[in-house]
Every structure is written in C-alpha cells, then in structure tokens.
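Keep the structure open alongside the text.

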Amino acid sequence: MGDCSTGALVPSVKSEPPPSSDEISEVAPPLPPPLLLPPPPPPERTVVKTEVAELDKDFLCPICMQIIKDAFLTACGHSYCYMCIVTHLQNKNDCPSCGNYLTTKQLFPNFLLNKLMMKTSAHQVAKTATPCEQLRQALQKGCEVSVKELDSLLYLLVEKKRKMEQEEAETNMQILLDFLHCLRKEKLEELNEIQTDLQYIKEDINAVERHRIELYRARERYSVKLRMLVDDPTATKACTSLMDKRNSGIFSGVPSLEGQCQMGLGNSLNRTADAKALVSSQILQKKDVYSGLDSQHAGQSGVTVARKRQVHAQFNDLQECYLQKRRHWARQSHKQEERDTREGYHAGLEDFKSVLSTFTRYSRLRVIAELRHGDLFHPANIVSSIEFDRDDELFATAGVSRRIKVFEYSSVVNEPENVQCPIVEMTTRSKLSCLSWNKYTKSHIASSDYDGIVTVWDVTTRESVMEYEEHEKRAWSVDFSRTEPSMLVSGSDDCKVKIWCTKQEASVLNIDMKANICSVKYNPGSSIFVAVGSADHQIHYFDLRNVSQPLYIFSGHRKAVSYVKFLSNNELASASTDSTLRLWDVKENLPLRTFRGHMNEKNFVGLTVNSEYIACGSETNEVFVYHKAISKPAAWHRFGSSDLDDTDADAGSYFISAVCWKSDSPTMLTANSQGTIKVLALAT
C-alpha cells in the first residue's frame, strides 16, 4: 500500500546491501547488457577535475576574489595581488585573512606562485583552444613530427577540405533550387493574374466597342431623320403647323397630334434611317478603335484633350483602380452568378467608368469669391474652423480671434469683397478650435475652445444655450450627431472623449484614453459609432454601447491623427502630421488607400470630404483635392502672394488652416493662417 501511494521518482544511484542467494534466484528478467548503458566517467578524470576546481579556488585573491595577479606573500603566509594588498594597507595595518599586524615592509614576491599561475594559465588556454589552434601551437613550439606523419596529416586535411567543399556546394545548389522553384511559382501566379487581367480587358473592350457602336448608330439614325425631315417640305409644313397651333393654344390635343405626326413621319423614315445607320456602324466596326475615334472626332475639343492628358498623367493609379475594381466584382460575380449590369457592362467596368468620369471631370480649382476674416482691432487672423450650416445658406468661421462669425453664402459670392460683413458675430472668452452645426436645428452651432469648454450657441439670439466645462485641458474637436440632433461628442488634450446631450448639463458618457484627442466624429448613419483621432498615431472606432475597448483600431499613420471625417457610413478619411491622408473601411476593418502630395508636419491644416472627393490644406499655403479612388492630387490651388500683406516678410510661413465642402457641390470654402477666406470651385 505504501509503494502504491508514492509517485514516480527520478532514478538515482544508491548503495544497497548485496542480495542473498535466495533473492538472486527469485529475480526474473536479467539486467540489460552493460554495453547499452552509457559508461560512467573515468574516476581519474573526475579526480583531476576536482583538483583543478580546488586549485582554481586557491588561485583567487581573498580581497578581489579574482585570479591573483603579481602575487605577493605576507609575513603571516598569505598571498594577495600586489595592488590589492598595498591598497588595503593604506587604510589598515592588518592581514585581511588572519588579522595579524602587517606593513608594506613585510610583503615579499611569491615567485613560485607566479610561476605556477603562468603554467596554469597556459594549460587553461591549451584546454580551451580548438584542435587547429592546438596543432598550430604545437608546430610553433617546435614539436618534432616525421615526414610520414605530416603526409598523413596533410592527406586527412585535404580530404576534410574536399568533403566540406562538397557539402557546401550541395547546400548552395539546394538553396538555389529552392529559390528557383519559389521564383517560378511566383511568376506563374503573376502570369495567371496577367492573363486573367488581359481577359477582363478584352471583355471590357468588346463591351465598350458595342456600346460605342450603338451610340454611333443612334446618332446617325437621328441625323438621317433630321435631314429627311428638313428635305421633305410636306413634313416641314405639317410640323410647322402643329407647332404654331401649340404655341397659340387653339386646342388641347396638340401633344397627341404631334405624336401622330411624328409616328407618321417616323414610319416612313425609320427603314431608310436604320439602313443608313447600319451601314455606317458596319464601316465603323471595321476601323481600329483609336483611328475610328480620331476620324469621328477629328476636331476634339480642348476639354476632351485635357481629360485625356489627365488620364495619362495618372495612368498608374487609374490602372490600379481599374484592376482592383474589376477583380473585386469578378469575385462577386462568381459568387452571385451575375456578370452583366443593366447597360451590358460588367459591374467592375461600370464602377470604374464612374470613377474615371468623376476624376477627369475636374482638373483645377478656380476662385469664385474672396474675403478677409481679420479686422483692425483683432490682428490674430488664423481661422481654425469653417463650416456650412444645414442648408448651405450660411457658413460660420472661428479661430484665435475669439469670435464666431456667420456669413451669408449668397452675399459673399455675389457681392464685392469690400462690402462683405458677417450677419452674426458672437464673442467668446477663449480661442476657438472647432465648430459644428446642428443638422436639424438650423440656428444651433457648437464650439470647442482652448479652455476646454464646449458651448452650444443659438445664432438667432447670439447667446449660448449650454456650456459644458468638464474637460480639464484644451478641447480640439466637437461634432453634432446627424441621426440624434441632441447628442454631440468632444475630444480634448486631457485624453478624454465626452458624449453630451443638449437636454442635460453633465456629460452622458466618458471615454478615457491614453493619448491626447485631436479629432472626433460621429458616423453619419448612426449615433452609436464614433471615430476618434489620437496623438498615438491611431484611429479608435468606438461602439458607444460598450466603450471598455474600441470596436476597431486603425493603424498606419506615423504621427498624430489630426482629423477624421466620414465620406459615407462605411468610409472614413483621416489626416495626420505625417503628410498623408488615409481612407479606411470601418465595416470591414480594412485600409483602402493612402494619399500623398500635400505637406503637413505640425499644424492643423483642415480636412473635408464629400461622397467622391477629399480636400485638405497644406503648410505650403495650398489647397489639395484628391479623388477617393486615386492616391495623387486631382487639383490644387495656391494662395498667392497677392493674398498677403506686402509688409509681411515672413510670407512663406502661412498655411491653410480650414476647409469645408458645400454639400453635393464642387464648391468649397478655404481659409489660411493669414485670415484670407476663398470660395473655390472645381473646374475643367
């Protein structure tokens, strides 16, 4: 019972009494052959090791506990390093080992110990040396070796070298073979991908050619009908009579009679027009695509030429966009078994056609209007925020001047610069960092300031409706929810995100973070999702129903994230002081694109988005506009030297400080650190 209660033990060697003869006879299986067990170490070698270990301890200086160097013997018989014992005797006159009285005159060189130390050191070096080093040392010391032994040794060395070279060559060949196999596999995958892409391009060329021929045929048919109508005097007279009757308003049945006239004429002309159009389309079909386009549009307009030039300038990005969309929709088509859209295009081609059309539609920014934000009494002119109201009829500006100014957009655009004045002006106690209009209550606007105060204003009464003072440091950003008009969010340098309700005086929810908050934004489709741009180089996407941790964290920026803005419910744009913009998919938790071209290393330069375009400022005093599918700028505008005071010698230090799109429009508001506000519009 006792044996059964104990666990398995590690085997160990024990000294046991010799078994009796009866016990020997009862032993069942014999022990394994002794050759199968590892031989015990020779006792002589163990003794030598023990002696060396003890000898090593005797070689230690009792003061420094290191191997004795330059050994000296005391009168009492103890050995020390010379420097150790001399240093000790400068403080005390006794032996460190036995305590007897001792002076420097009672120290004597220990020649025997020094000689023994040298031999021991040489032995240690020889013991730790490699075989090659030992052989070299033996030969250098003049060890006698016969010619026959040298020949044998040389033969062994040559064979060893040949074997090592062969093994190294085999290893190199194996590595090279593995590399070539991997390269072949990678190139085959690239070839398959290129062949697939070429098939996509071939299909799309055929689809575009078919559609182009249909358009050409329809245009020819209408042209033939129009010429035949002009050449037929009866038809012209009938149509003229109907038009006169319709204009004079003699009877109410004009539309039906006009339709009858067109049907009668159409029946007589359709066959001829269709035949001529068919012949024209067949001729066009035989032509090369580009030669056909050139012959059809021999005198292309300057706009078309400019759009083609823009395509060639951004060809690589457009190519990447086309292939990305085509591959994506091809995968979707295989899943859904739907290959063609309503117009006969593949869905990927239709998607890219929309991108190409919107991207090449504009190539520059033109100035519509301009005004100065500053005044004589407030020389600080930096505009930190500029925002349109709910209906795009008013826009508000705020900045370091401690004033919120509200302008009427139509008057700014239509009236001269020298007569433009704000229709409302509200004074604050501190410098302002951000504005946000309420999307339902037209007269309400929220502001955040450098004292950490979040204020909701009524523009009509020019007074504050609510003031929230819970932030302990500068509040950088504030935003009203689109779906819940009473809710707003703010972020501050105190590393806190706070959710407010205009019906309560205290914050509704608090999110503690580890870094300063630079920007906050509600998802436009929901009041429970909030994006937070932080100084930790990341965007934190929260579900307000559980704020213990972010729903997603988007990483990629190398510096602080200064702005976050939503293009749609699923697309989020971010700006950073690493001079990049990034586009994210908040539904799939994926990075989509990185935009480069502007410069932003230290200042808040503004960020604004619409459904297709992203715009931001630059520390070069320029405004840049990006199409969301292309990583390079589509258009830009520089605030020229004429915008600046002639007396200011440091004009190069100015930067764009705020931007804002007008809803569903190619028009945007821009402002710079000099206080100049421009209304810009995308143009061809």
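This is a predicted model. S673 sits in the loop that links strand 30 (667-672) to strand 31 (676-683).

- S673 is buried, because its relative accessibility is 10% and the cut-off is under 20%.
- Leaving aside neighbours within four places in sequence, S673 is in contact with N381, I382, Y654, F655 and S657.

**Loop at M513**
- M513 lies in the loop between strand 16 (509-512) and strand 17 (517-522).
- M513 has a relative accessible area of 14%, so this residue also counts as buried.
- Residues up to four places away in sequence aside, M513 touches C495, V497, V532, H540 and F542.
- D494 is 19 residues from M513 in sequence, and the two C-alpha atoms are 8.8 Å apart in space.

**Nonpolar cores**
- The largest nonpolar core has 16 residues.
- Those with the most contacts inside this core are C61, I68, I85, L102, L107 and L113.
- Strand 1 (71-74), strand 2 (79-81), helix 4 (82-89) and helix 5 (111-128) each supply at least two residues of this core.
- Helix 4 gives the most, with 4 residues.
- Apart from this core lies another, of 15 residues, including L371, F388, V412 and A671.

How values were computed. Residues are numbered from 1 along each chain as its sequence is written. This is a predicted model: local features need pLDDT of at least 70, side-chain atom pairs count only at pLDDT 80 or more; totals for chains, interfaces and linings use all residues. Side-chain values use heavy atoms; hydrogens and water are left out. Buried means under 20% relative accessible area, exposed over 50%, partly exposed in between (1.4 Å probe, protein chains only). Contact means heavy atoms within 4.5 Å. A nonpolar core is a set of buried Ala, Val, Leu, Ile, Met, Phe, Trp, Tyr and Cys residues joined through side-chain atoms within 4.5 Å.
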